[in-house]
Amino acid sequence: MLPRRRPRGSLHDGISLNFATGRYYTKAQGGPANIQPLTSLFTFTGGAESRFMGPAGLLVASATNTPRIEYDANGNCLGLLMEATRTNLGLHSDDHTNAAWVKTTMTTAKTSTGPDGVASSATRLTASAGNALSLQTVVSASATRAYSVWMRRITGTGNIDMTLDGGVGWTTKTLTTSWQRFDITQAAVTNPVFGIRIVTSGDAIDVYGNQMESAAFASSLIPTTTVAVSRTADSCIRTLGSEFSATAGTVVVAGRASGGQDASVGQAVWSFDDSTLNERVCLTRSPGGDSANYIITDGGVAQALLANTFTNSTVFKAGAAWAANDAAVSFNGNAIQTDATVTLPTVTTLNVGGMVLSTQMNGHILRFDYWPTRLPNTYLVSAS
């Protein structure tokens, strides 16, 4: 018999993480809820190298082994930000007055308040002639590159352009008087020459947080001064206890997909596993693609692979359930997909926003709910 749904507002058995409200708990079947901080329920690791958007609409600095709960500029919670390791190869990320940035008919002054709300944290660029430049060169072997920077317009209406190849190609961006983050990507760039062109003499803009990565899409800002800086990968793992059932389960997750996909490495939204790929139930994004894969593997043998589609930087929901010979998933409320030939893996840990031997999801988890039972297909569709 299928389980009855709990009344709205009650605390369900299993695990619940709500990053918008800050309520996190585990609950053994029929037992009381264990409501704790996230870092008490999970082992969270991450570095102090990055900046992300806080609830006040300003960039804030990350802290070591502290979850990054990110918001948009209007104060809406995006969720737990989980990212793989990345390196900002660009130097003096906030300071175009430094000699690392080679200026041509461009004046610079580090006197502007940046998107972090700190006085003189950003640089004002003013064109003293047409097609003024501020460029930096990094010596690095051929790779796909992503260049990102925060910009806002101060005066003028002319084009503001970005480049990764020293101006062989330029990409025009539309600035407003508010801070916005812009990015460009380009494949197979050797020794990238990246930076900004102000097309019209007399135009001025503010810039902050220049970042040049060897990647197919931009990640959160990693500030630099005299040397390149690498960000520690995020990890959020729990050793499973009495809240978990080995015979059946359901997960409903809501989040925001990554901004892109590197060609050779997958991204994991969540995974129940044994710290290997041989025993797992998980939701992942395929390397180099947009496929959202619900996967069950037992003894190294694939039992189920049900695929949907991620859209870059877009919110999503997914409901997935499993029992012996009974796997199902609904993605964004789409029609249910099933697999009726499934043996279940033996798992010991839950990894939220990542998976063993795979990169983090490079996106946000807004809410994660696990039930130690197989909920109905109709619920998977309605909850997603």
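How many salt bridges does the count come to in this structure? The count comes to 15 salt bridges, a salt bridge being a side-chain nitrogen of Lys or Arg within 4 Å of a carboxyl oxygen of Asp or Glu. The model is predicted, so local features need pLDDT of at least 70 and side-chain atom pairs count only at pLDDT 80 or more, whereas totals for chains, interfaces and linings use all residues. Residues are numbered from 1 along each chain as its sequence is written, and side-chain values use heavy atoms, with hydrogens and water left out.

**Salt bridges**

| Pair | Closest N to O distance |
|---|---|
| Asp 326 and Arg 374 | 2.8 Å |

Helices (H or I, at least four residues) and strands (E, at least two) are DSSP runs, numbered from the N terminus. Lys 27 is buried at a relative accessible area of 10%, and Asp 13 is likewise buried at 11%. Here buried means under 20% relative accessible area, exposed over 50%, and partly exposed in between, with a 1.4 Å probe and protein chains only.

Asp 94 is buried, at 12% relative accessible area.

Asp 326 forms a salt bridge with Arg 374. Asp 326 lies in strand 28 (residues 326-331), and Arg 374 is in the loop between strand 32 (363-371) and helix 2 (377-383), 48 residues apart. Asp 326 is partly exposed at 29% relative accessibility, while Arg 374 is buried at 9%.

A network of salt bridges links Arg 68, Glu 83, Arg 231 and Asp 234.

**Cysteines**

The structure holds 0 disulfides, a disulfide being a pair of cysteine sulfur atoms within 2.5 Å. The sulfur of Cys 77 is too far for a bond, because the closest cysteine sulfur, in Cys 236, is 14 Å away. For Cys 282 the closest cysteine sulfur is also in Cys 236, at 16 Å, again too far for a bond. Cys 77 is buried at 18% relative accessible area, and Cys 282 is buried at 0%.

**Cavity**

The count comes to 1 cavity of 30 Å³ or more. On a 1 Å grid over the protein atoms alone, a cavity is a set of points where a 1.4 Å probe fits but cannot get out, and lining residues have an atom within 4 Å of a point. The largest cavity has a volume of about 50 Å³, a volume being the space filled by probe spheres set on the points. Its lining consists of Ala 257, Ser 258, Gln 267, Val 269, Arg 285, Phe 310 and Met 361. These residues divide into 4 nonpolar, 2 polar and 1 charged.

**Backbone**

Most residues other than glycine have a negative phi. Asn 65 has a positive phi, near 55 degrees, and is located in the loop between strand 6 (59-61) and strand 7 (69-71). Asn 65 is partly exposed, at 38% relative accessibility. Ser 275 has a positive phi of about 70 degrees and lies in the loop between strand 23 (267-273) and strand 24 (280-285). Ser 275 is partly exposed, at 44%.

Terms used. On a 1 Å grid over the protein atoms alone, a cavity is a set of points where a 1.4 Å probe fits but cannot get out, and a pocket is an open set with protein on both sides within 12 Å along at least five of seven lines; lining residues have an atom within 4 Å of a point. Ala, Val, Leu, Ile, Met, Phe, Trp, Tyr, Cys and Pro count as nonpolar, Asp, Glu, Lys and Arg as charged, and the others, Gly among them, as polar.
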